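Please look through the sequence and the model below before reading on. The report then takes up single residues and the elements around them, one after another.

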Amino acid sequence: MWYHISEMIRATTETETPTDVVRWLQSEAADLWPALVGSLSFRRTRCGHENCQTCLSGELHPSHVLYGQHNGRRFAVYVPEDLVPQVRRAVENGRALQELLVQAGPRYVKALKRVRVSTSKRKKS
Ligand SMILES: [Zn+2]
């Protein structure tokens with residue numbers, strides 16, 4: 001599906017205006033919420049109870065943690081198992097959103113240049 005969209009984009013990018021790019025960005029980003037940046041890690045930890053059979057067996061307790069960085073400071077947030085699917089989706093959305101913003105760069109700059117050229121030549125396209 002992503003490839004399909006990219007092919008469609010390629011066909012229209014030659015004539016689009018900055019407004020078109022903004023509209024494209026908004027419509028693509030509309031489906032990408034909630035979005036967050038971080039990494040969801042799986043680990044097995046000890047619970048701290050002395051006679052815990054799960055810990056004694058060496059199996060330990062599975063848990064998920066969301067890691068990230070903000071202003072150079074790392075953070076780690078425990079994610080309960082039942083919330084893992086939602087958090088995972090938000091992380092995937094965050095990646096897709098970043099990807100989208102990277103794609104937006106050249107398209108927006110090209111569109112701005114195109115508008116500038118056509119205004120300076122006093123032509124309408
Ligand atoms: Zn335990």
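With 8 other C-beta atoms within 10 Å, Ala-30 counts as exposed, because a residue with 12 or fewer such atoms falls into that class. This description, like everything that follows, refers to a predicted model. Ala-30 has its place in the loop between helix 2 and strand 1, and although Ala-30 and Leu-97 are 67 residues apart in sequence, their C-alpha atoms are 9.8 Å apart in space.

**The chain as a whole**

The protein chain holds four helices and three strands, and, when it is read along the sequence, these elements follow the pattern α-α-β-α-β-β-α. Of its 125 residues, 3% count as buried.

The average pLDDT of the protein chain is 88, and 85% of the residues score at least 70. Among the elements, helix 2 has the highest mean pLDDT, 96, whereas helix 1, which covers residues 2-12, has the lowest, 59. Where pLDDT is low, the predicted coordinates should not be read in detail.

In what order do the three strands of the open sheet lie, and with what pairing? Their order is 1-2-3, and the pairing is antiparallel. Strand 1 (39-45) and strand 3 (73-79) stand at the edges with a single partner strand each, and therefore one side of each is left without a neighbour in the sheet. From one strand to the next, the twist averages 35°.

Strand 2, residues 61-70, pairs with strand 1 in the antiparallel sense over seven bridges, and seven bridges also join strand 2 to strand 3, again with the strands running antiparallel. Some of the residues that face each other across these pairings are set out here.

| Residue | Partner | Strand of the partner |
|---|---|---|
| Arg-43 | Ser-63 | strand 2 |
| Val-65 | Tyr-78 | strand 3 |

Most residues other than glycine have a negative phi, and most peptide bonds are trans. Against that background, two residues and one peptide bond of this model deserve a careful look.

Leu-60 is a residue other than glycine, and yet its phi has a positive value, near 60°. The place of Leu-60 is in the loop between helix 3 (53-56) and strand 2. Is Leu-60 exposed or only partly exposed? Leu-60 has 15 other C-beta atoms within 10 Å, and it is therefore partly exposed. When its neighbours within four places in sequence are left aside, Leu-60 is in contact with Arg-44, Thr-45, Arg-46, Thr-54 and Cys-55. One of these, Arg-44, is 16 residues away from Leu-60 in sequence, and their C-alpha atoms are 5.6 Å apart in space.

Asn-71, which is not a glycine either, has a positive phi of about 50°. Asn-71 lies in the loop between strand 2 and strand 3, and these two strands form a hairpin that has two residues between the strands. With 4 other C-beta atoms within 10 Å, Asn-71 is exposed, because the class takes in residues with 12 or fewer.

Which two residues are joined by a cis peptide bond? The bond lies between Trp-33 and Pro-34, and its omega is about -5°. Pro-34 belongs to the loop between helix 2 (18-29) and strand 1, and Ala-30, with which this report began, has its place in the loop between helix 2 and strand 1 too.

Methods. Residues are numbered from 1 along each chain as its sequence is written. This is a predicted model: local features need pLDDT of at least 70, side-chain atom pairs count only at pLDDT 80 or more; totals for chains, interfaces and linings use all residues. Two strands pair if DSSP finds at least two bridges between them. Axes are lines fitted to C-alpha atoms, for helices over the stretch in contact, and angles run from 0 to 180 degrees between N-to-C directions. A residue is buried if 20 or more other C-beta atoms lie within 10 Å of its own, exposed if 12 or fewer, and partly exposed in between; C-beta atoms are placed from the backbone. pLDDT is the predictor's confidence in each residue, from 0 to 100. Two residues are in contact if their C-beta atoms, placed from the backbone, lie within 7 Å.
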